[in-house]
Amino acid sequence: MSDLNTRIPSGSDVTQRTDKQPAFSEILLELTLKPSNILEAWKRVRANKGAAGIDGMTIDDFPTWAKDGNWKRIMSELRVGQYQPSPVRRVEIDKPDGGKRQLGIPTIIDRVIKQSKKKDTHDKNGQFSGLNYT
């Protein structure tokens, strides 16, 4: 057996992160939270439809919820690193062979956030774009 698992990189280019913040840069976060990007993300989530998550909020409930100031609170939590995604709602769906398959349904809020992140980390062809990471 090789000792590859025990090797330690050498050289001056090896650095280890000491900060507790995620690698998600401030610039990428602001791009993700840009109002036009959030609106596009919401349009994609709405078009995909889907069931309510664990919080019970439906696609039809989201616009009123957001206009009542709740979305500003979520954006603030995201900016300061305090936002925690909700657990997914677990349901079982029937498989063609008669079995069951577990399906996780995220909340509408988490779907919008994920879509907004996805848009800014992928290029026009849907391919990952490392250029968005700084």
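**A dialogue on the model**

Visitor: Is Lys49 buried or exposed?
Guide: This is a predicted model, and the values are computed from it. Lys49 has a relative accessibility of 58%. The cut-off for an exposed residue is over 50%, so Lys49 counts as exposed.

Visitor: Where does Lys49 lie, and what is its phi?
Guide: Lys49 belongs to the loop between H2 and H3. Although Lys49 is not a glycine, its phi is positive, with a value of about 60°.

Visitor: In what order do the elements of the protein chain run?
Guide: The protein chain has 4 helices and 2 strands. Read from the N terminus on, the order is α-α-α-β-β-α.

Visitor: What percentage of the residues in the protein chain is buried?
Guide: The protein chain has 134 residues. A residue is buried when its relative accessible area is under 20%. Buried residues make up 25%.

Visitor: Which residues is Phe62 in contact with, leaving aside its neighbours within four places in sequence?
Guide: With its neighbours within four places in sequence left aside, the contacts of Phe62 are Trp42, Met57, Trp71, Ile108, Ile109 and Val112.

Visitor: Which residues form one aromatic cluster?
Guide: The count comes to 4 aromatic pairs in this model. One cluster is formed by Trp42, Phe62, Trp65 and Trp71.

Visitor: What kind of aromatic pair do Trp65 and Trp71 form?
Guide: A pair of aromatic rings is described by the distance of the centres and the angle of the planes. For Trp65 and Trp71, these are 6.4 Å centre to centre and 75° between the planes. Both residues are buried. Planes over 60 degrees apart count as edge-to-face, and therefore the pair formed by Trp65 and Trp71 is edge-to-face.

Visitor: How many residues lining the second largest pocket are nonpolar, and how many are charged?
Guide: The second largest pocket has a volume of about 210 Å³. Its lining includes Ile38, Trp42, Phe62, Lys67, Trp71 and Lys72. Lys counts as charged, whereas Ile, Trp and Phe count as nonpolar. The lining has no polar residues, and the division is 7 nonpolar and 2 charged.

Visitor: Which element gives the largest share of the lining of the second largest pocket?
Guide: The elements that give two or more residues to this lining are H2 and H3. The largest share, 6 residues, comes from H3.

Visitor: How far apart in space are Arg79 and Glu26?
Guide: Arg79 is found in helix H3. In sequence, Arg79 and Glu26 are 53 residues apart. In space, C-alpha to C-alpha, the distance between Arg79 and Glu26 is 8.4 Å.

Visitor: Is Arg79 buried, exposed or partly exposed?
Guide: Leaving aside its neighbours within four places in sequence, Arg79 is in contact with Leu29, Glu30 and Leu33. The relative accessible area of Arg79 is 40%. Buried means under 20% and exposed means over 50%, so Arg79 is partly exposed.

Methods. Residues numbered from 1 in each chain as written. Predicted model: local features only at pLDDT ≥ 70, side-chain atom pairs only at ≥ 80, totals over all residues. Heavy atoms only, no water. Contact = heavy atoms within 4.5 Å. 1 Å grid on protein atoms, 1.4 Å probe; cavity = no way out; pocket = protein on both sides within 12 Å on 5 of 7 lines; lining within 4 Å. Points joined across faces, edges and corners; volume = space filled by probe spheres on them. Phe/Tyr/Trp six-rings, centres within 6.5 Å; stacked < 30°, edge-to-face > 60°. Buried < 20%, exposed > 50% of the residue type's maximum accessible area, 1.4 Å probe, protein only.
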